[in-house]
Every structure is written in C-alpha cells, then in structure tokens.
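Hi there,

Here is the structure I promised to send over. Have a look around first, and then read on for what turned up.

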Amino acid sequence: MGNNLGFESTDTFLVEERVFSPSSDTVENANIMQYMKSKGFTDYDAFHKWSLEHRFEYWDDLAKELHWFEPWQTTFEWTTKPFFKWFSGGKFNPVYNCLDRYMETPTRHKVAFYWEGDDGSTRTLTYEDLYVLTNRFAKGLQNVGVQKGDRVAIYMPAIPEQIAAVLAVARLGAIHTVVFGGFAASALRDRIIDSQVKVVITADGNYRGGKHIELKKITDEAVAETPTVEKVVVVKRLGTNVAMTAGRDVFLDDLLADVPADTVVPCEPMDSEDILYILYTSGSTGKPKGVVHTVGGYSVGVYATTKFVFDIKESDIFWCTADVGWVTGHSYIIYGPLMNGATGVLFEGTPTYPAPDRFWSIVERFKVTIIYTSPTAIRGLMRFGEEWPAKHDLSSLRLLGTVGEPINPEAWMWYRKNIGHDKLPIMDTWWQTETGSIMISPTPIMPLKPGSATKPLPTIDTDVVDKNGVTVGSERGGFLIVRHPWPSLMRTIYGDPARYQTYWDTIPDVYFAGDAATIDKDGYLRIQGRVDDVIKVSGHRLGSMEIESSLVSHPAVAEVAAIGKPDELKGEHVKVFVILKNGFEPSDELAKELKLHVRATVGPLAVPDELEFTPSLPKTRSGKIMRRVIRAKELGQPVGDTSTLDG
Ligand code: PRX
C-alpha cells in the first residue's frame, strides 16, 4: 500500500446538508443510552470523550455480560507493537454464548432463525433446535477427525446447516474459513491451500435466483488440487445426484445417522487469543489475505456493536441480508445476534427473484423489525419503483441499516421514505473485514445526515489525516485512520505477519486500511472510498491484481490493468485494459472469452463490465503499471504527478 496514497483533495463529495433527529422515545429507550446513563452521561460526544480515556473499563463492562469459563487477567497488552492481545488469560467459547447459556432460560424456546429458501420453502429453528443440530454436527465432525486448531472450510449456501457448520467448528475449537458460494473453484482452492484445510463442508448445490448452482462439482474441482483435504462433508440441499469420492466424501445425513438428538459435545474452553476464524479478503496483491480473528476480542466486539448499533431488544426480529461468506454475515447474521439472544432471518435467494418485492415480502411475513442491507441492494430495488415496497405492510420495521460501501444521499432518502415510513433511523455502518465489527456508525440516539456514517463508536479513536499522520480536519479530506487497537481488530494475516504490519506502517503508528474520508464541522465523517488498489463492486471487495492475474493466465493476454469506475448502481464496476500477445487480434469474441475466463477463475462477482484492448499502458520506469494514472485519464481527472512515468 506504501506508494498508493494517490488521494487528491479535489475528490470531494456532493453533500446534502440535512439533519434528521431521532424521536425522544427512541433516544430514551436506546441500549446505548442505558449504558451512557450508567456512566453519568446523556450526551454522546461527552460520553465518547470519556470512552477514549476509559476504553478498558468500557470493554471490561461489555465482556462481563458474556460467559467466560475463566475470567481474563489483563484487558489489553501490546505484545510487540503492532501486535497486541485482549482479555489474556480468559477462557471463552463464543458458541457457549450463542447457544448453551440459553438452555436454562426461556430463550431456549425462542426462534433463533426463520429461514427462507430461494424456492420459497421455509424452516423455523428455535435456539434449542440450533443447539441440537450444532451438537450433532460437532459430533459428526469429530468422527471425521476434526480437532481443536484444525482448519475447516465451509463452502455452502445460506441454509440453517451453514450456520450450524460454523458453530460446530467453533464449538470444537477448530478454525472455520467460510468461502463465499459465488467464488469459482480456483479461488476456493487457493484459500484451502493457504490455510491447509483438513475438512471441507459443502452442499450438493443450491438455488439462486431460480438457477441451480452445482457447489459439489466446484468443490471437487478445487479439492482435486489440495493435498491437505482429508474429508468432504456434503449437505443435501437439492437432493440431486452428485459424484462422491469413496473414502473422502460423506453426506451429512450419513455422518449423523447414528448420532442421537441428545448428543452434547461440550464447548472447547479456548484461550481468548486463540484463532476463531480466518476469512479471506482482497488486498493490493493478487493473493487474498487470510484475516485472522480471535475467540475473545472478536466476540466481545460483535456482541457490543450488535447491542448498541442495532439496539437489539427481546422482541426484535433482525434481518441482515448479507451472505455468511462475508464478514458481515459472520458478525451480524451469526455471532452478534445469537450472543444477544435475538431472532434472525436467513435468506438463501436474491432481492429480485421471483419479483422485486422479495425483500419486502420477507419483512412483512416474518415481521422483521430491523433490516441491515447494502446500498447496492437499495439502489437496485429503487430502480423498480416505489410501488414494490408499497405492496407490503412494513410497519413492523423500527430500525434500518446499511453496510459495505458509501450510500449516496438519494438512496438514503429513498430507503428512509419507502422502507422506513419516512421516519426510521438509518445506521450507515462503516467497518471492514479486518476490523471485525462496526467502527463508525450512528446509534439510534444520533441526529443523522444522509450519506454520513456519523461518528466513531465508543472507544474508537478515528481521525482524518495526511500521509504523515497529521490531522487535516474540516472538509478537506484525507486518510481515515484509527489510533488504538480495539478488541475485534484482526490479530494478523494468516501466515503473513508482515502483511499485517503494513496496516500500521503506511501512516506511522496508526491503523490505516485504505479509505479516504472527510469530516465536517460537527465531526460527522463521510467515507469516500478506497485509495488503494481495492475495487468495491456492489459492496464486494476485489483486488485489481486478482483480476489482472486471472486475465494474464489466459493464453492470449500479455498485460492487463484493472481499475474501478464509478457506477450508479453498483458503486463501482471493473474496467480492464488488455494488451494482447503477438499473434492475437482484438475481437468481440475474444473480449467475451476473456470475461468468461475471469468468471471461471475468480467468480461471477469479478467479471469486468468493460474491456478495452490497448497497445500500451502507462508505466513507471521500473515497469510497474500505473493504475492511478489510467483511472484519472479514464475519468477525465487531473493525472497528478507523472514524473516517474516512462519517457
Ligand atoms: O471502503 C470501505 C467500504 O468497504 C471496505 C471494507 O470492505 P470489506 O472488508 O469487504 O467489508 C465490508 C463490510 C464490512 C471499507 O474499507 N465500506 C464499508 N462500509 C462502508 C464503506 N464505505 C462507506 N460507507 C460504509 N458504511
């Protein structure tokens, strides 16, 4: 990231300066207000200032609301900067906090998940049902050799068994690495190889937007080249005939045939700093990074943010529309809501199938009270018109959320008016795979400005600085940084601690993960997007180099540059510039073939919308392609300093 800080202060945002204040009821009843009052505050800014000086007290308070097998001795320590620990000495398992502790309380019989399949089928699981399924699943995994510390890959659709798989792995103290079901075989293979996965859990296939996706076939292709994989556990979702490799593959049904319903596999008491999971995300190189989250700190972080940002109450029905394959699903479908004893919704399908009111029909039928979705989904549904949400009774909703990319004020206003009865608060939450939980976001007590994620959460010490770390202040804009570790921050990049260190080295001694932001006179932050080589397509994170590596693996391609271009619907889309090898001629057919090649090697989400054949690309004297210059030219912006350019 070091030399990619190409942010220009001319990249300003159009700001719609309107403020929406919360109702006094909402403020009075908010979970965060209860906590603030317990510390003697009713004003958020004053409370936040206190929290920066009392961060350990704050996190101790929140951690104490969870069950620890043994309490921690030290709340925080820098081991060797920038490496650190939270809650050392503590023994903990998030699954105990998600399930076991409710078995003696009325929550046992509460609904943990309403599930709806793409095909309209439904299932309802109480906390007890999920507890039983998780325990049996854990036993099955033990029976195929899964032990504490082993890596288990989960490549599954959004079905209840996916949640149980995650919880079963964590229960055993093994490490899950969930791979989004939209990734292609080679992307799955690379992730399995990087974390030396022992067991893969997949499904025969799934439905998405009415189509069948053959997950088992993709898994077979991936696993053919991964020597560490000993077993593949297959959940039947479609009931189709799939090839099963003898000795390696086993259906979950068969694995659990002799495992009784009252089986209990006790939660492994993990050290607070043991690894809970690895989740791969894109960075500035072709190789995805395995972001490492730990048992104690991560859990406390997602528990606290679910409680304060989404303001979870006993009666809430919380629907996070993300996929479990992304960090949002880990934190706000599984761990956060379950640790808060909430009822969740899990949906396998897409917002527009069979019709563009699918989301609103789910909200109505399950009486969803809180919905958390992406700006891309909102913009997409907005295009179909107000009549689609208007067909449904959305009066159960009381709080809205967005995540993953900046939300433009127009989409914000549409969301509030059509989904939020013209009055509901919108939590625009900024965070990252690396941060583990929400960092900058309103809570329900905050006055809102469309397009602003407002202010940092308690103890989170953000600033907007120049490349030397000096505060730039006001609306000028600069790099968004965080000053001190918080519990749910990643601990390292799996197998590559040096790559973790770059987050703290790029701007001296602060956490910087690649976003630009502005801050207004009231301290409200507006996140403007990435300043590194990460492209955000529909809120999904893609690395320029990942797409480029995919394309150069095609026999016709000599060199490639991939950039992100602003897109009204998706936030950004991918454009690639391709130099062909001698003997190949540009053609529409070849362009199509190259796009299919990206689809087959990375996945549908990475397919470029635009592909341009070009004879040359601007490079530095050392031969590095200058994407920043290409992007500026493409967007008609000033090219900036080109003194290191060729010729
Ligand atoms: O650029 C920011 C953008 O998403 C990036 C993190 O992507 P990922 O790790 O995939 O996590 C997405 C879900 C947490 C950030 O660096 N981003 C995320 N939330 C927002 C956002 N940009 C603007 N506003 C947000 N609320």
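**Around the ligand**

Three elements, α12 (327-339), β20 (426-429) and β25 (525-530), each give at least two residues to the shell around the ligand. Please keep in mind that this is a predicted model. The shell has 17 residues, and those that come nearest to the ligand are Asp428, Thr429, Thr433, Asp515 and Arg541. Sorted by type, the residues of the shell are six nonpolar, five polar and six charged.

Thr433 has a polar side-chain atom 2.5 Å from an oxygen atom of the ligand. For Arg541, a polar side-chain atom lies 2.6 Å from a ligand oxygen. In the side chain of Gln432, an N or O atom is 2.8 Å from an oxygen atom of the ligand. How much of the ligand's accessible area does the protein cover? On its own the ligand has 540 Å² of accessible area, and the protein covers 96% of that.

**The nonpolar cores**

In soluble globular proteins, nonpolar side chains tend to be buried together. In this model, the largest nonpolar core has 166 residues. The members that touch the most others are Leu130, Leu141, Leu167, Ile201 and Tyr335. There is also a second, separate core of 28 residues, with Phe347, Ala411, Tyr415 and Leu424 among them.

Apart from neighbours within four places in sequence, Leu167 is in contact with Val95, Cys98, Leu99, Leu130, Thr134, Ile334, Tyr335 and Leu338. Two of these partners, Leu130 and Tyr335, are also named above for touching the most other core members.

Next, find helix α2, which spans residues 31-38. Which of its residues are buried? They are Asn31, Ile32, Met33, Tyr35 and Met36. Their cover includes α1 (24-29), α3 (44-53), α4 (55-64) and α11 (295-309). After α2 comes Gly40, with a positive phi near 90°.

Ile445 sits in the loop between β20 and β21 (462-465). Is Ile445 buried or exposed? Its relative accessibility is 10%, so Ile445 counts as buried. Leaving out residues within four places in sequence, Ile445 is in contact with Pro22, Val27, Ala30, Ile32, Met33, Met36 and Tyr44. Among these, Ile32, Met33 and Met36 are buried residues of α2. From Ile445 to Thr352 the separation is 93 residues in sequence and 33 Å in space, C-alpha to C-alpha.

**Two strand residues**

Thr126 belongs to strand β5 (residues 122-126). With a relative accessible area of 19%, Thr126 falls under the 20% cut-off, so Thr126 is classed as buried. Setting aside residues up to four places away in sequence, Thr126 touches Arg108, His109, Lys110, Val111 and Ala112.

Val578 is in strand β29 (residues 571-580). Its relative accessible area is 0%, so Val578 is buried as well. Val578 and Ile547 are 31 residues apart along the chain, and 11 Å separates their C-alpha atoms.

Enjoy exploring, and write back with any questions!

Best wishes

Conventions
Residues are numbered from 1 along each chain as its sequence is written. This is a predicted model: local features need pLDDT of at least 70, side-chain atom pairs count only at pLDDT 80 or more; totals for chains, interfaces and linings use all residues. Side-chain values use heavy atoms; hydrogens and water are left out. A nonpolar core is a set of buried Ala, Val, Leu, Ile, Met, Phe, Trp, Tyr and Cys residues joined through side-chain atoms within 4.5 Å. Buried means under 20% relative accessible area, exposed over 50%, partly exposed in between (1.4 Å probe, protein chains only). Contact means heavy atoms within 4.5 Å. A residue is near a molecule or strand if one of its heavy atoms lies within 4 Å of it. A polar contact is a pair of N or O atoms within 3.5 Å; within protein, one must be able to donate a hydrogen and the other to accept it, and residues adjacent in sequence count only if both atoms are side-chain atoms. Accessible areas come from the Shrake-Rupley method with a 1.4 Å probe; for residues, only the protein chains shown count as cover. Helices (H or I, at least four residues) and strands (E, at least two) are DSSP runs, numbered from the N terminus. Ala, Val, Leu, Ile, Met, Phe, Trp, Tyr, Cys and Pro count as nonpolar, Asp, Glu, Lys and Arg as charged, and the others, Gly among them, as polar.
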